[in-house]
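Hi there,

Here is the structure I promised to pass on. Have a look, and then read on for what turned up where its parts meet.

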Amino acid sequence: MTTDVTAPTRTKRAGFVGGGFMATVHSRAARAARAELVGAASSSPERATAAAERLGLETGFDSLEALLADPGIDVVHICTPNATHAGFARAALEAGKHVICEKPLATTSADAAEIVALAEERGLVAAVPFVYRFHPMAREARARVAAGETGRLLSVNGAYLQDWLAAPNDDDWRVDSAVGGPSRAFADIGSHLVDLVEFVAGERIVRLNAASRTVYTDRATHSGIETEDLVALVVELDSGAIGTLLVSQVAPGHKNALTIELAGTEASIRFEQERPDTLWLGRTEASALIERDPARLSPDAARLSLVPAGHPMGYQDAFNAFVADAYAAIDGVVPDGLPRFADGLRAVRLTEAVLASSERRDWVEVAA
Ligand code: SOE
C-alpha cells in the first residue's frame, strides 16, 4: 500500500530566486506539487532569462522587485547564496508572499529571528528545506524513538561527510565568508545534521564543544579563506544524553554521507541518507535491517512512501514531499514535521554556538 504526501488543494503560482542546483531541485519539486512555475529572478535580467529557460519557467523577471510585484505569485523559493537569504526573505514576506528559503536561513541569528517574527506577524508560511526529514525511514526512526522502542536515550553519533571540496583547488562561492557567511561546512551541511538529530531524538542539543579546521586557505579562485572545512563536536542533549558529531567537506570518498545513530537503553537506531530505504535497529541479542515497506511503517513514514517496497526512493522524492507539505501548509493544513523558519533560526543558533566554541576552545551553551 502507498499513500500520497499531503496534496495541495489549490494550484500555487511559484517564483524562484536564483538559478543553480538548488533552484533546479526546488522547481522540480514545485512542478511535482502541480504548481504553476511563473518565473525566475537572478543577479541580472539575462541570468534570469537563462534560468527560466533552463528550468522550464514561464518568464525571466528583470529583478527581485519585479518578481515580488507580480500579484499572481503566491510563493517565492529563495535559492541564492547564503548572505542574501535573510534580505530576500524579508522582502518577499513584506510583499505578502509565502516563502521557502534555502538554509542557512541567515548568516546571523539576529537576522533569522527578525524574519521568523515577520512571517508570524504576517501569517505567512515560511519554510526551510531540511529535506532529510522527509525520507520515510528518517520518519520511521523518529516514530520508533517517540514510541519508546529505543528506551532512554544515552548517546548520539552522527556525521555529514562530503568530498566536493577535498582537493586544494576545489572551489565554490561558499568558501567566501562575505557570500556564504562566517561558517561554511557547518552552516551548509552541519545544519542538516543537527536538525535531523534533534528531529529524530525529539530533544535538543543544549551545550556543545567544537573544534574546527580550515585545511585550505587558498583555493582555485579564493585566497585567505577563513571558513571551516571540517568541524568535530561533542554535544549534550536535554535529557543528559551525550554525543559526537563530525562535519567535513574534505572527506575523500564521501559524497553526501549524512548518518545518524541514536543509542538508547533498549536499542540503537541508525539512518544513512545514502541508503535511505533502510533503517538499522541494533539490539544486544539480534539486530535487524528494516526495509521501507509502507504497509509496515508508522503512519507518518507510510504517508511519505510514494512507491511500494522494493522501489527505491531518494533525495528528490524527499524534496518533493517537503514542497508538497509546505504548499499544503499554505492551504491551512498543519503537516507534521514541516521545517519552518523557527527551525532555520534554531540551526543558525547552533552554528553560532559552534563558531563561538571553536574560537574559545571551550563548552558553549546553545541559545534556546
Ligand atoms: C552542498 O554541500 C549541498 O548541496 C548542500 O548545500 C545541501 O544543503 C545538501 O543537501 C547537499 O549538499
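The C-alpha centres of domain 1 and domain 2 lie 25 Å apart. Domain 1 covers 13-131 and domain 2 covers 135-309 + 341-365, with bounds from an automatic or database domain assignment. Their contact (heavy atoms within 4.5 Å) involves 24 residues of domain 1 and 21 residues of domain 2.

Do keep in mind that this is a predicted model: local features need pLDDT of at least 70, side-chain atom pairs count only at pLDDT 80 or more, and totals for chains, interfaces and linings use all residues. Residues are numbered from 1 along each chain as its sequence is written, and side-chain values use heavy atoms, leaving out hydrogens and water.

Between them the domains bury about 1700 Å², 69% of it on carbon and sulfur atoms; buried area here is the accessible area (1.4 Å probe) lost on putting the two parts together, summed over both. Lys103, Ser109 and Phe130 account for 32% of what domain 1 buries against domain 2, more than any other three residues.

Lys103 also forms a salt bridge with Asp188, with the closest N and O atoms 3.1 Å apart (the criterion is a side-chain nitrogen of Lys or Arg within 4 Å of a carboxyl oxygen of Asp or Glu). The count of salt bridges between the two domains is one.

Happy to talk any of this over!

Best wishes
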